[in-house]
Structures are given as structure tokens and as C-alpha cells.
Amino acid sequence: MSNNADIAPQNSGPLPFGSAGPRHVAIIMDGNGRWAQARGRPRLFGHHAGAKRVREVVEACPKLGIEYLTIFAFSTENWKRTQTEVAGLMNLFRRYISKEIAALATENVRVRFIGDRLRLDAKLVKLMDDLEVETEGNDGTHLTVALNYGGRDEVARATKRLARDVADGHLNPDHVDEETLPRYLDTCVLPDPDLVIRTSGEARISNFLLWQSAYSEYEFIDTLWPDFTAAELGRLCERFGRRDRRFGTVKT
């Protein structure tokens, strides 16, 4: 990827990390548009800068002990943006997946996509399918990209699949409990996120991993996504390690 003076330099030094750091980190990558507009550039310029930032964060995961990284790339609500921005984002996704497939495979990254693929362009879906197949044997960092994803939409689709199994006699409704639905979610093969990070200063979860993040720790930070660095991720992981996670219990 080409360098750009507006993008914060990568940090190649040691990263802070506590032994009790998160195994699964999920990130709402927000602020690309505002980052670009602050520089007098179109919003798509910020999205390109944000895509480049993903690479640094993925590469930092092994050093930080992060086995699973889930990133929110495009939500079911993002279709409401201008046609120009949506078309530009879809082109960016196609180019990024095409460009990164060989590098990610070489670096032992396992890639998955979650979200509803029915509304996506057929060429993009094929690239997604090919990347998943290309990296399915990799056992390094598990990178999950949420594309045309919404937490409520995911739960609705999962519930439909569960209802079909009940109707077909494959599932006894009396046996349905809180452990049943997760088996129908897009994330069924992933552990729940330990830490959810949202950049850009917004303090909301925006329909992201609603079921899975019930007991996640949250960090809402002011940094815009194109300025987010591996060093900052390391600091957040270290802070996570100092949190007292009780999951509803009380220490005696």
C-alpha cells in the first residue's frame, strides 16, 4: 500500500500488553468521513485511509495476544448514505479484497465475512467467498469482516432458521434456551468479543454484535479511525487487563 502523509505513521516499537488481555476484540471503525472532511477532502478519501489502517491493526494482533479481530466495515443502515458514497465503498471493498488476499494468506490470517450477502454485488460476493476458501486453512489471527451487517438483522435471520428447524421437526421448541440461538448466528464459530472499541468519539454501539456483546467491555475513544494505531490498540488491551470482570457475580 502506498504511504500518505495524512495517515498517522505506524508504530514499530514495543506495544504495551497485560497478560490478561482480550482474546477477541471487535472494532466499530468510525470517523473516516470526518477525518477526510477536516482535510478538505471527499469522504471516500477517508474510507481509503481507513482501509489502510486495518492492515496495521491486523498485524499487531499476534503481539497483543488477540486471536480474533472483528471489524465493522458496512452496516445494513449504511445503504441510506448517498449513492456516490455507497458505490465508492463497494468499489473499495472489491479492490481491497483483491489486493489483500495473497498477503493475508501468506501472513496466516483466517478471514471470514458476516452479514447478509443477498444485497451485495455478485462479483464482491465471489471475492469474499474466494478469500474465505483461500484462508480457511490458516490458524493465525481470525479476522472477521462485518459487511452489510446489522445486529437486529442477524438475530432476525437466525430466528428464521431456528423456526424452520422447529417446523421441520429438527428442533424441539421446549429445548430452546439462550445457548440455542447463538448456533444460528453468523458468528456461530466465534467466541463472544471480550472488548468492543468504537473510534471517533461516538458513544453508541450502532447495532453491532448485539447478542454477542452482552458481557463485553467497551471503549469509546475520540480517535478517528484513520488515526488509530497499533500502539493505541495495545494501550486499550492493557487497560482491559486491569478491569475486574465479574459477569454478574460478587467477589467474596
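Me: Which residues line the largest cavity?
Reply: His24, Thr70, Thr187, Leu190, Pro191, Asp192, Pro193, Leu209 and Gln212 line the largest cavity. This is a predicted model, where local features need pLDDT of at least 70, side-chain atom pairs count only at pLDDT 80 or more, and totals for chains, interfaces and linings use all residues. Residues are numbered from 1 along each chain as its sequence is written, and side-chain values use heavy atoms, with hydrogens and water left out.

Me: What counts as a cavity, or as a pocket?
Reply: Both come from a 1 Å grid over the protein atoms alone. A cavity is a set of points where a 1.4 Å probe fits but cannot get out. A pocket is an open set with protein on both sides within 12 Å along at least five of seven lines. Lining residues have an atom within 4 Å of a point.

Me: How much space is in the largest cavity?
Reply: About 40 Å³. A volume is the space filled by probe spheres set on the points, with grid points joined across faces, edges and corners. The whole structure has 1 cavity of 30 Å³ or more.

Me: How does that cavity lining split by class?
Reply: 4 nonpolar, 4 polar and 1 charged. Here Ala, Val, Leu, Ile, Met, Phe, Trp, Tyr, Cys and Pro are nonpolar, Asp, Glu, Lys and Arg are charged, and the others, Gly among them, are polar.

Me: And the largest pocket, how much space is there?
Reply: About 820 Å³. It has 41 lining residues, and Met29, Phe72, Ala73, Phe74 and Asn78 are the closest to its centre. The lining holds 22 nonpolar, 8 polar and 11 charged residues.

Me: OK, helices. How do helix 3 and helix 4 pack?
Reply: Helix 3 (residues 83-106) and helix 4 (residues 122-135) pack at about 15 degrees, axes 10 Å apart. That makes helix 3 roughly parallel to helix 4. Helices are DSSP runs (H or I, at least four residues), as are strands (E, at least two), numbered from the N terminus. Axes are lines fitted to C-alpha atoms, for helices over the stretch in contact, and angles run from 0 to 180 degrees between N-to-C directions. Under 35 degrees is roughly parallel, over 145 roughly antiparallel, 65 to 115 roughly perpendicular, and the rest oblique.

Me: Is that crossing left-handed or right-handed?
Reply: Left-handed. The near helix is then turned anticlockwise from the far one by less than a right angle; clockwise would be right-handed.

Me: Next, helix 2 and helix 6. Where do they meet?
Reply: Glu56, Val57, Ala60 and Leu64 of helix 2 contact Ala230, Leu233, Gly234 and Cys237 of helix 6 (heavy atoms within 4.5 Å). That contact has 6 nonpolar, 1 polar and 1 charged residues. The axes come within 9 Å and cross at roughly 40 degrees, so helix 2 and helix 6 are oblique to each other.

Me: What about helix 2 with helix 3, at what angle do they cross?
Reply: Roughly 25 degrees, with the axes coming within 10 Å. Helix 2 and helix 3 are therefore roughly parallel to each other. Helix 2 passes helix 3 in a right-handed crossing. The helix 2 side of the contact includes Arg43, His47 and Arg55, and the helix 3 side includes Glu85, Arg95 and Glu100. By class, the contact has 7 nonpolar, 4 polar and 5 charged residues.
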